[in-house]
Amino acid sequence: MERRLLARNKVSTVVYLSVPGGRFHRCRAKNLSAMGVFLEIKAMGLPAGTVVNLVFAVTLGSTIRLHRRRAIVTHINDRGAGLLMQGRPRSSRKEVAGG
């Protein structure tokens, strides 16, 4: 039985994950909604309930936009982790010129 409030879309986007104060780990988002994301990650020892920082690297032409969100790990399995995003996205965005 599906419990999600919003449908998720299949994606393949680079995401950087960190525990507050920790280093970033590169992973890949496999599906995404306005409230949640499933990330392919290797075992990092993150139990359900862990608060993490996410940075989505979205390429738009020759520009890479970084979107930062805070999320809570809701479940972990052998394929990755499901996360529930918190609050509204931060308004500060950095752009990196591609080339």
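How many bridges join E1 to E2, and in which sense do these strands run? Seven bridges join the two, and E1 and E2 run antiparallel, where pairing requires that DSSP finds at least two bridges between the strands. This is a predicted model, in which local features need pLDDT of at least 70 and side-chain atom pairs count only at pLDDT 80 or more, whereas totals for chains, interfaces and linings use all residues. Residues are numbered from 1 along each chain as its sequence is written, and side-chain values use heavy atoms, with hydrogens and water left out.

The protein chain contains zero helices and seven strands, and its elements, read along the sequence, follow the pattern β-β-β-β-β-β-β. Both kinds of element are DSSP runs numbered from the N terminus, with helices (H or I) having at least four residues and strands (E) at least two.

The pairing can be followed from E1 onward. The hairpin formed by E1 and E2 has six residues between the strands, and Gly21 in the turn has a positive phi of about 85°; within this pair, Val15 has Cys27 in E2 as its bridge partner. E2 is in turn joined to E3 by four bridges in an antiparallel arrangement, with a hairpin of three residues connecting the two strands and with Arg28 standing opposite Glu40 in E3. E3 also pairs with E6 in the antiparallel sense, over four bridges, and here the bridge partner of Phe38 is Gly82 in E6.

E4 and E5 pair in the antiparallel sense over 10 bridges, one of the bridge pairs being Thr59 with Ile64 in E5, and in their hairpin, which has two residues between the strands, Gly61 takes a positive phi near 65°. E5 and E6 likewise form a hairpin with two residues between them, pairing in the antiparallel sense over seven bridges, with Ala71 opposite Met85 in E6. In a regular strand the side chains alternate between the two faces of the sheet.

Val15 illustrates the packing: leaving aside its neighbours within four places in sequence, Val15 is in contact (heavy atoms within 4.5 Å) with residues including Cys27, Ala29, Leu39 and Leu54. Over the protein chain, 48% of the contacts between residues at least 6 apart in sequence join residues at least 24 apart.

E6 is mostly covered, five of its seven residues being buried. Gly82 is placed in this strand and counts as buried because its relative accessible area is 1%. Beyond its neighbours within four places in sequence, Gly82 is in contact with Val37, Phe38, Ile72, Val73, Thr74 and His75.

Two loop residues complete the picture. Thr50, found in the loop between E3 and E4, counts as buried because its relative accessibility is 15%; a polar atom of its side chain lies 2.7 Å from the backbone oxygen of Pro47, and, apart from neighbours within four places in sequence, Thr50 is in contact with Ala71, Ile72 and Val73. Met35, in the loop between E2 and E3, counts as partly exposed because its relative accessibility is 36%, and the C-alpha atoms of Met35 and Gly87 are 9.0 Å apart in space, although these residues are 52 apart in sequence.

Terms used: Buried means under 20% relative accessible area, exposed over 50%, partly exposed in between (1.4 Å probe, protein chains only). A polar contact is a pair of N or O atoms within 3.5 Å; within protein, one must be able to donate a hydrogen and the other to accept it, and residues adjacent in sequence count only if both atoms are side-chain atoms.
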